[in-house]
Amino acid sequence: MPDTPERATAPLRDSDLDMAAVNALRTAVMRLSRRLKHQRVDESLSPAEMSVLGTLARCGSATPSELARKEHVQPPSMTRIVAMLEAKGLVRLEPHPEDRRQKTVTQTEQAESMLAASREKRNAWLAELAGRLDEDEWETLRAAAPVLEKLAHA
């Protein structure tokens, strides 16, 4: 059967092999994610706080409502997270440039430094693990990285 665009974007077939692969991928990603979360520079921050700082680093300043949508949390929860980050000196609230009734959340230099140190620590840990792979495994992992990135942002 020729590979058509419809076939390329069709959902996975519910075969035992496909579901076994999906299960193995889910399990591996969850375990790796949990292990990566332990490679933090600042243990006082919750995973939700770290996630908000990461979103600000990637996307730039945002209103609490925008952050709540991006982080898939309710606005009152985001208000609490932002207040905790502000109290720790990791974000600042500024007047919105177009709507003075709103505030814009911006990360501070302290947050940028902390995120950079955290990224460096996590990358070093992951590089040490990857160093245990043979060349074929490493090549497979390099090829899979863009695919995993696509799944992460789908």
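Biologist: What pLDDT do local features need?
Modeller: Residues are numbered from 1 along each chain as its sequence is written, and side-chain values use heavy atoms, with hydrogens and water left out. The model is predicted: totals for chains, interfaces and linings use all residues, side-chain atom pairs count only at pLDDT 80 or more, and local features need pLDDT of at least 70.

Biologist: Is Thr108 buried or exposed?
Modeller: A residue is buried under 20% relative accessible area, exposed over 50% and partly exposed in between, using a 1.4 Å probe and protein chains only. Thr108 has a relative accessible area of 12%, so it is buried.

Biologist: Which residue's backbone oxygen does the side chain of Thr108 reach?
Modeller: A polar contact is a pair of N or O atoms within 3.5 Å; within protein, one must be able to donate a hydrogen and the other to accept it, and residues adjacent in sequence count only if both atoms are side-chain atoms. The side chain of Thr108 has such a contact at 2.8 Å, and the backbone oxygen belongs to Gly89.

Biologist: What is phi of His72?
Modeller: Most residues other than glycine have a negative phi. His72, in the loop between helix 4 (64–71) and helix 5 (75–87), counts as exposed because its relative accessibility is 72%. Its phi is positive, although the residue is not glycine, and lies near 60 degrees.

Biologist: How many salt bridges are found in the whole structure?
Modeller: A salt bridge is a side-chain nitrogen of Lys or Arg within 4 Å of a carboxyl oxygen of Asp or Glu. One of them joins Arg92 and Glu94, with the closest N and O atoms 2.7 Å apart. A search of the whole structure gives a count of six.

Biologist: Asp99 forms a salt bridge with Arg101; how far apart are the closest N and O atoms?
Modeller: Asp99 counts as buried, at 17% relative accessibility, whereas Arg101 is exposed at 77%. The closest N and O atoms of this salt bridge are separated by 3.0 Å.

Biologist: How far apart are the end C-alpha atoms of helix 7?
Modeller: The expected span of a helix is 1.5 Å times one less than its number of residues. Helix 7 (residues 135–152) has 18 residues, so it should span 26 Å. The separation in the model agrees with that, at 25 Å.

Biologist: Which proline follows the bend in helix 7 within four residues?
Modeller: The bend at a residue is the angle between axes fitted to the seven residues ending there and the seven starting there. Helix 7 bends by about 35 degrees at Ala144, and the proline that follows within four residues is Pro146.

Biologist: Which backbone nitrogen does a side-chain oxygen of Asp134 reach?
Modeller: This contact is at the start of helix 7. The oxygen comes to within 3.1 Å of the backbone nitrogen of Asp136.

Biologist: Which element gives the most to the nonpolar patch?
Modeller: Patches take residues with over 30% relative accessible area and no salt bridge, joining like charges within 9 Å and nonpolar side chains (Val, Leu, Ile, Met, Phe, Trp, Tyr) within 5 Å; accessible areas come from the Shrake-Rupley method with a 1.4 Å probe, and for residues only the protein chains shown count as cover. Leu25, Val29, Val147, Leu148 and Leu151 make a nonpolar surface patch of about 420 Å². Two elements give two or more residues to this patch, helix 2 (16–37) and helix 7. With three residues, the element that gives the most is helix 7.

Biologist: How far apart in space are Ala152 and Gln107, C-alpha to C-alpha?
Modeller: Ala152 is in helix 7 and counts as exposed, at 59% relative accessibility. In sequence, Ala152 and Gln107 are 45 residues apart, and in space their C-alpha atoms are separated by 23 Å.
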